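Please read it alongside the sequence and coordinates shown here.

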Amino acid sequence: MSLGQWIACGVTGLLIASSLTVYAGYRDALGIATEDIDPDSWGDRPSQVDGIHNILLLGTDERAGDDASYNELNGIRPDVLVVVSINVDQGGVTMVNMPRDLIVDMPDCAPNDEAPGVAAGTVDQLNHAMTYGGMDCQGNTVETLTGIHLDHMVMVDFAGFQNIVDSVGGIEMCVPEPIDDPKAHLRLDAGMQTLDGEQALGLARSRDSTEQGSDLNRIENQQRMIGAILREVTSGDILSSPTTLYDFISSVTDSMVTDDGLTTDKMAELAIAMRDVDLGRMNMVTVPVVDAPSDPNKVAFQQPAADELFASVASGEVLAEEEGDGAAPEEGGEEEAAVEPGDVSVRVLNGTGVDGLGSQVEQRLLEGGFVVTGTGNPQARQPTATTVYHGPDQAAQAEELASVLSAAQLEEVPDLGAELELVMGADDWGPITFDGEGGSGGGGGVEDLEGTSAADDTVSCE
C-alpha cells in the first residue's frame with residue numbers, strides 16, 4: 001500500500017483521536033488495540049529532548065475479507081514508515097518518510113511470539129523488521145538507524161482509509177492531466193476534483209499516472225493528499241462537532257494499534273499542544289536515498305544528507321521549510337545567491353583503484369552542468385573515504401558538489417583556490433545521483449531538502 005494512505009490514516013487519526021478526549025461524553029470511543037513494546041531492551045537509546053514528541057507511524061499491508069489469505073502467505077509488514085516529530089516549543093511538525101525497501105543493517109531483536117528474531121548486523125529490507133519481531137523490532141530498527149528517540153508508535157492497516165476520506169466529505173485536489181490507470185481502478189478527468197474515498201485510494205496507489213511510474217515518484221501525489229486531508233480536518237466542522245468527530249474517529253480506531261504507553265491522556269496533551277500549529281509548519285519530507293549497491297531495485301540512505309536530516313529531527317531543529325515567516329532580510333543585508341553546478345569547478349581524482357572510473361565520473365558531472373578541469377590519481381591527499389577538498393571561500397560550491405554524491409566528506413584546505421578536488425574513495429564510492437534519478441534527489445544538507453507543506457497544494461489548476 002502507499003505512503004499517502006498510511007500517513008493520512010496515522011496523522012489524522014492520531015490528531016483527531018487526541019482531540020476526542022476533550023469531549024467527556026465520547027471518552028469511551030477510543031477502543032484502540034495495543035501491543036507490548038519494550039524499549040528498555042533496545043540497548044543504548046538516543047537522548048530524549050524536552051518539548052519534542054517523536055511518533056513512529058507504521059502503515060501495514062494487512063488485508064481483510066477476501067484478501068485475508070495474503071497476510072498468511074506474506075506476513076504483516078509496514079508498507080510505509082514515517083517518523084512524526086512534534087516540536088511543542090516551536091510549534092512545528094516534521095514528517096519524515098522512510099521507504100519500505102531501504103536496505104539496512106538490522107539491530108538485535110529477540111524472538112517475539114511466533115516471530116523468529118534477528119541477529120545484529122543482518123542486512124535486509126527495512127520493513128522486514130516487523131516480520132522478525134513485530135512492532136517492537138520495527139521500532140528498535142528505526143530508532144537505531146536514525147538516532148531519533150521514539151516516544152510512541154502507531155500502526156494502522158489500510159481498511160479504514162477509504163472511510164476516512166469519505167468522513168471528511170472527500171478531498172479537493174488538482175488533477176493536472178487526465179488519469180486512466182486500470183491497475184489502480186482509477187479514471188479521473190483533468191482539473192479540480194473532489195475525490196471520494198475510492199478515488200483517493202486509487203490515486204494513492206497509482207504508479208502509471210506518475211511521470212516515471214515508481215514508488216518514489218508516487219510520494220509527491222501522496223504528500224499532496226496528506227495536506228488535503230489535514231486541510232479538510234482543520235477547516236471543517238470535525239473538530240467542533242462531537243457527532244461528526246465521533247463518526248470520523250470510528251473509521252480510524254478499528255484499524256489502529258498503538259504501543260501500550262500511548263494513553264488517551266497523552267493523546268490529549270499532544271492535541272492541546274498541536275491545535276494552534278499552522279498548516280504551513282506541518283511539513284513532509286522523504287529521507288534522501290540512492291539505488292542500493294547490492295540491488296538496483298532497492299534503495300539505501302544517501303549520505304551525508306540522510307544523517308544530517310536525522311540529526312536535525314533528533315535535536316528538535318526546525319527545518320528550513322518550516323522557518324519561513326515571510327520576514328524581509330535585515331536592512332543593509334543581501335540575500336546570498338544560490339550556487340549552481342555551473343559555478344563549481346572541480347578536478348576529479350580516482351582513488352578507488354578501478355581503471356577508467358575517473359573519466360566516467362567526469363562525463364557524468366559534465367552532464368550535470370559541473371565544470372571539470374581534469375582527471376587523474378590522488379597525490380597530495382589520499383583518503384580512503386570520498387572527500388571534497390575546497391578552499392576557504394568555496395564551502396558552498398563544495399556542498400553543491402557533495403549534493404550529487406552518494407557519500408562525501410567536506411574538508412577545507414587553506415591553500416586551495418577556486419578549484420575543488422574530488423577524491424573518490426575506495427571505501428564508499430557510489431553513483432552520482434541528480435534530482436529525479438534513482439532516488440529522492442536529496443542534497444548535501446538538510447537545507448537542500450524539498451519538503452511539502454500541508455498549507456497549500458503544490459499543483460495548481462488555475
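This is a predicted model: local features need pLDDT of at least 70, side-chain atom pairs count only at pLDDT 80 or more; totals for chains, interfaces and linings use all residues.

T60 stands opposite P78, a residue of β3.

- The pairing between β2 and strand β3, which spans residues 78–87, is antiparallel and extends over nine bridges.
- β2 also runs parallel to strand β7, made up of residues 152–156, and five bridges join the two; on this side I55 stands opposite H152 of β7.
- Most of β2 is covered, with eight of its nine residues counted as buried.

- V49 lies in the loop that links β1 (33–35) to β2 (52–60).
- V49 counts as partly exposed because its relative accessibility is 29%, a value that falls between the 20% and 50% limits.
- Once neighbours within four places in sequence are set aside, V49 is in contact with A314 and S315.
- The C-alpha atoms of V49 and I148 are 9.7 Å apart in space, although 99 residues separate the two in sequence.

*The chain as a whole*
- The protein chain has 12 helices and 21 strands, and 51% of its 462 residues count as buried.
- Of the contacts between residues at least 6 apart in sequence, 71% join residues at least 24 apart.
- The accessible surface of the protein chain amounts to about 21,000 Å², and carbon and sulfur atoms account for 43% of that area.

Technical notes: Residues are numbered from 1 along each chain as its sequence is written. Side-chain values use heavy atoms; hydrogens and water are left out. Helices (H or I, at least four residues) and strands (E, at least two) are DSSP runs, numbered from the N terminus. Buried means under 20% relative accessible area, exposed over 50%, partly exposed in between (1.4 Å probe, protein chains only). Contact means heavy atoms within 4.5 Å. Two strands pair if DSSP finds at least two bridges between them. Accessible areas come from the Shrake-Rupley method with a 1.4 Å probe; for residues, only the protein chains shown count as cover.
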